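Subject: Structure for your review

Dear colleague,

Please find below the structure that I am handing over to you. My notes on it follow.

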Amino acid sequence: MRKLLSLLLLATLSASAQNPVIRDQFTADPTARVFNNKVYLYPSHDIFPPEGQRQDWFCMEDYHVFSSENLTDWTDHGVIVTQNQVPWVKPDSYSMWAPDCVERNGKYYFYFPAAPKSGRGFGVGVAVADRPDGPFVPEPEPIKGVLGIDPCVLVDGDGQSYIYWSGMGLRGAKLQPDMKQLDGEQQVMEGLPEGFKEGPFAFRRGDWYYLTFPWVRGSKENGANPTETLAYAMSKSPLGPWDFKGLIMAEHANGCWTNHHSIVNYRGQWYLFYHHNPLSPRDDKRRSVQIEKLYFNADGTIREVKETMRGVGINKATEKIEIDRYTSASNGVTTQLVDTINTFRGYQASLPQKGAWLKYADVDFSSITDGYLTICVKAAENTELFVREKSAKGKILARVKVTVKSQMGPFRRDQSGQWLTLYAPLQYTPKGVTDLCISCEGEGVSVDWLQFKNRPLYYTPSSSTPSHPDAEGFIRRWSLLEPIRHEVSSNIILTDSYLQEKIAGGYPKLNPKKGKWHLIDSQSYHVRVFRFAEKTGHDPYHSLFWGTTVIDCPEELPDVRLAAGSNGASLWWVDGRQVLTLDGDRRMVQDDGVSQRLTLKPGRHVVTFALVNGPGLSDLCVRLLDENGKPITNYTINL
């Protein structure tokens, strides 16, 4: 039972997002590592301080681990270490700050700082597991001689491991092979700039070692409140001395005081993991993990990274895409929280006037075969949106209108009554990975998210192999004529006399050469002819549908009744003779009407229907019943 509960927990906490990448909790101080061809993310976990704790300070009681194979879909594997289950940690100290995790000889070593039960300051502990997602077992004591925060471990190519931490400057030392004790003296990292530094992250690329760290480069003179940048130094030795090079990322524009990070190579691309506070813009002690691509110059130096809302990763078109995390936009486009109380609902993007646009990069349409668009918007009436490919002048994928009729059309409102989820058919489906552009063609609109979906497979082209009725006797193979426009103001007028005059009289005169016929196999017992109309580019409303099928009886079938149901009014013929009429404004019900008794001789027989509907969607079902009302299945269907 516990294993099943864990699996269910993993499924329900799976997140799919752009920046920030985790949307159901606050995460900070991210260390990313690649284990088993997958990225594992070990952040600290910001929470709101409980009563009795300082309310304007950092508050962390445990650690989660997340994993991803594409940097877009992240799975939360749950808590791996929590403060009150570590023997040496002071209970309810809420100081489990920036961690790290490395693999050595098949074991996974998780390093974390916390306040010890005895003494002041911080110690650094180790927890060990057989898997990167745990379970981790903490050591009973912290690492002797490491007094500080934000541990980082580098496992060099020769197998020697080094640990770095923040404590009276940035420090480093060798680790013994057991990964739990220092091997020799610690030393201060030399060659770094003046100013506050913490959160070291060390890695190796080629012959160069990199020591990266948050750094406050300004002073507090004249009332200034400088915030952290991300900076780095390089060396040919893992413990320096270091040659300071400059910034990786500048200060956050909104004044968020901290920025901790890690740098990892995954599938040939380098990435910077860092944190910001987009989900708590008035509280910079509750942060969220973000990701950007990182590049090096020919001499090994790092190009400065600019923060984006889009982040990294390719979104499948079938995902719910947070389009407000756009890559670029026209002047005037802004973003705001959807809900300032429940910030985990994310953001909205506002396109304030006609001509405004936003662009969102890297959406994969390879899984869309017969798709439509669903989009969540807030807009004035008579607003129109275009979803285009690549640019504001690109090929149109879909048009979305918000009108008075939206009140009656296919839509869904959220609890506030402001947000509409609207649907639109795709006029064009891109191939592979492309960029999306949304343009406003009306009075202004806000957009939360969009998603592309495939229509269910309602029918497939039929084969030359004879088919059979299904287990309940329903006929699924038909030859359908593309629908004919037939204006009906209300289905109430579809009386028997109307059908005989307007529809039945057309049956003997119908010339198949005047329309295009399609051979189809329905995927369900009821044939959704309105989906057939959509697929063939016709209006599913106010249409007249004709269909025919051919059945081969191996023997005589006496006392047969044709039983049908339809959404809309329908007429039914067998071998050219009208046998059933379903008039009026009907809803499709199995065996809604049955014919008089028929005798089908051995050989071929033709079943034909005509169905008409006004404002409603049309479908039908039909089968043959024996004298006891049981379905007949001992015949074949061959078109």
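This is a predicted model: local features need pLDDT of at least 70, side-chain atom pairs count only at pLDDT 80 or more; totals for chains, interfaces and linings use all residues.

Two strands are taken as paired if DSSP finds at least two bridges between them.

Strand S25 and its partners

Strand S21 (residues 315-316) and strand S25 (residues 357-364) run parallel and are joined by two bridges. Because at least two bridges are needed for a pair, S21 and S25 count as paired. Within this pairing, Asn-315 has Val-363 of S25 as its bridge partner.

Strand S22 (residues 328-329) is joined to S25 by two bridges, and the two run antiparallel; here Ser-328 stands opposite Lys-359. Six bridges link S25 to strand S31 (residues 433-440), again in an antiparallel arrangement. In general, strands of a sheet pair through backbone hydrogen bonds, either parallel or antiparallel.

The second largest pocket

Which element gives the largest share of the lining? That is S25, with three residues. By residue class, the lining of the second largest pocket divides into eleven charged, nine nonpolar and five polar residues.

An open sheet of four strands

Elsewhere in the chain, four strands form an open sheet in the order S6-S7-S8-S9, with antiparallel pairing. Strand S6 (100-104) and strand S9 (137-138) stand at its edges with a single partner strand each, so one side of each is left without a neighbour in the sheet. S9 is joined by two bridges to strand S8 (residues 123-129), and the two run antiparallel. Val-128 has Val-137 in S9 as its bridge partner.

Backbone geometry in loops

One runs from Asn-19 to Pro-20, with omega near -10 degrees; Pro-20 is in the loop between strand S1 (15-16) and strand S2 (28-35). The other runs from Gly-240 to Pro-241, with omega near 5 degrees, and Pro-241 is in the loop between strand S16 (228-235) and strand S17 (243-249).

Positive phi values are found at two aspartates. Asp-575 has phi near 55 degrees, a positive value in a residue other than glycine. Asp-575 is placed in the loop between strand S38 (569-574) and strand S39 (577-582). Its relative accessibility is 44%, so Asp-575 counts as partly exposed. For Asp-591, phi is likewise positive, near 55 degrees, in a residue other than glycine. The loop that holds Asp-591 lies between S39 and strand S40 (593-594). Is Asp-591 buried, exposed or partly exposed, and at what relative accessibility? Asp-591 counts as partly exposed because its relative accessibility is 26%.

Glu-555 and its surroundings

Glu-555 lies in the loop between strand S36 (543-553) and strand S37 (557-566). With 42% relative accessibility, Glu-555 counts as partly exposed. Apart from neighbours within four places in sequence, Glu-555 is in contact with Leu-600, Lys-601, Pro-602 and Asn-634. Glu-555 and Gln-176 are 379 residues apart along the chain, and their C-alpha atoms are separated by 88 Å.

The chain as a whole

The chain has 44 strands and three helices. Along its principal axes, the C-alpha trace spans about 100 × 55 × 50 Å. The radius of gyration of the chain is 33 Å, whereas a compact globule of 639 residues would have one near 26 Å. Buried residues account for 55% of the 639 residues. Of the contacts in the chain with a separation of 6 or more, 65% are between residues 24 or more positions apart.

Yours sincerely

Note on methods
Residues are numbered from 1 along each chain as its sequence is written. Side-chain values use heavy atoms; hydrogens and water are left out. Buried means under 20% relative accessible area, exposed over 50%, partly exposed in between (1.4 Å probe, protein chains only). Ala, Val, Leu, Ile, Met, Phe, Trp, Tyr, Cys and Pro count as nonpolar, Asp, Glu, Lys and Arg as charged, and the others, Gly among them, as polar. The radius of gyration is taken over C-alpha atoms; the globule rule is 2.2 Å times the number of residues to the power 0.38. Contact means heavy atoms within 4.5 Å.
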